[in-house]
Amino acid sequence: MQVLVNKFELVRDGVTYKAGSVVDLPDDVAEALVESAPKEFAYAMPIPLPDDAPAVPAETEASAESLEEMTVAQLQQLAADNGIAVAKSAKKADIIAAINAGCEPGLPDVDAADLVK
């Protein structure tokens with residue numbers, strides 16, 4: 001289960017996750033963190049779009065101009081559809097930067113579960 005580190009840092013198995021990071025944890029560990037410290041940790045899950053917002057297909061290659069034209073809710077959904085975790089409170093520019101960074105060709109796919117042991 002993925003957990004968003006809202007405040008401070010999380011150190012797990014020698015790896016430090018700064019605020020804003022998403023960590024893939026076993027379900028029981030994730031639940032314990034969120035239950036015990038809800039201000040510091042939250043479940044990282046896609047944010048649903050309002051019913052009247054047009055859906056953006058995940059396979060759409062977004063240009064900088066088209067991203068700027070999208071609403072924050074649409075950008076959050078696009079990020080979620082592409083496996084890019086962003087905080088609920090993230091600003092539009094930060095979401096666009098995360099999408100652009102996540103879509104850059106040549107970057108390796110990293111499984112957070114392999115990093116956290």
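Reader: Read along the sequence, what pattern does the chain follow?
Author: In this predicted model, the chain holds 5 helices and 5 strands. Taken in order along the sequence, these elements give the pattern β-β-β-β-α-β-α-α-α-α.

Reader: Of the 117 residues of the chain, what percentage count as buried?
Author: A residue counts as buried when its relative accessible area is under 20%. For the chain, with its 117 residues, the share that counts as buried is 25%.

Reader: Which residues of H1 are buried, and what arc do they cover around the axis?
Author: The buried residues in H1 are Ala 30, Leu 33 and Val 34. They lie on the same side of H1, because the arc they cover around the axis is only 90°. In general, an α-helix has 3.6 residues a turn, so residues three or four places apart point the same way. For the three buried residues of H1, then, the names are Ala 30, Leu 33 and Val 34, and the arc is 90°.

Reader: Which residues are exposed on the other side of H1?
Author: The buried residues of H1 include Leu 33, and they share one side of the helix. On the other side of H1, the exposed residues are Asp 28, Glu 35 and Ser 36.

Reader: Is Glu 35 buried or exposed, and which residues gather with it in a patch of negative charge on the surface?
Author: Glu 35 belongs to helix H1, which spans residues 27-36. Glu 35 counts as exposed because its relative accessibility is 63%, and exposed means over 50%. On the surface, the residues that gather with Glu 35 in a patch of negative charge are Asp 27, Asp 28 and Glu 31.

Reader: How many salt bridges does the structure hold, and which side chains meet in a salt bridge?
Author: The structure holds 1 salt bridge, with a distance of 3.4 Å from N to O. Lys 18 counts as exposed at 52% relative accessibility, whereas Glu 9 is partly exposed with a relative accessible area of 45%. The side chains that meet in the salt bridge are those of Lys 18 and Glu 9.

Reader: Where is Asp 13 found, and what is its phi?
Author: Asp 13 sits in the loop between strand E2 (9-12) and strand E3 (15-18), where it counts as partly exposed at 45% relative accessibility. Its phi is positive although the residue is not glycine, and the value is near 50°.

Reader: Which residue with a positive phi follows H3?
Author: Within H3, the buried residues are Gln 74, Leu 75, Gln 76, Gln 77, Leu 78 and Ala 79. The helix is followed by a residue whose phi is near 75°, and that residue is Gly 83.

Reader: What distance separates the C-alpha atoms of Asn 82 and Ile 99?
Author: Asn 82 is found in the loop between helix H3 (72-81) and helix H4 (92-102), and it is partly exposed, with a relative accessible area of 33%. Asn 82 and Ile 99 are 17 residues apart along the chain, and their C-alpha atoms are separated by 8.3 Å.

Reader: How many residues apart in sequence are Lys 39 and Asn 6, and what is their distance in space?
Author: Lys 39 lies in the loop between H1 and strand E5 (41-43), where it counts as exposed at 61% relative accessibility. Lys 39 and Asn 6 are 33 residues apart in sequence, while from C-alpha to C-alpha their distance in space is 7.0 Å.

Terms used:
Residues numbered from 1 in each chain as written. Predicted model: local features only at pLDDT ≥ 70, side-chain atom pairs only at ≥ 80, totals over all residues. Heavy atoms only, no water. Patch = residues over 30% accessible without salt bridge, like charges linked within 9 Å, V, L, I, M, F, W, Y side chains within 5 Å. Areas by Shrake-Rupley, 256 points an atom, 1.4 Å probe, with all protein chains shown as cover. Salt bridge = Lys/Arg side-chain N within 4 Å of Asp/Glu carboxyl O. Lys, Arg positive; Asp, Glu negative; His and termini not counted. Charge placed at Lys NZ, Arg CZ, Asp CG, Glu CD. Helix = DSSP H or I, 4+ residues; strand = E, 2+ residues; numbered from the N terminus. Buried < 20%, exposed > 50% of the residue type's maximum accessible area, 1.4 Å probe, protein only. Arc of directions from axis to C-beta.
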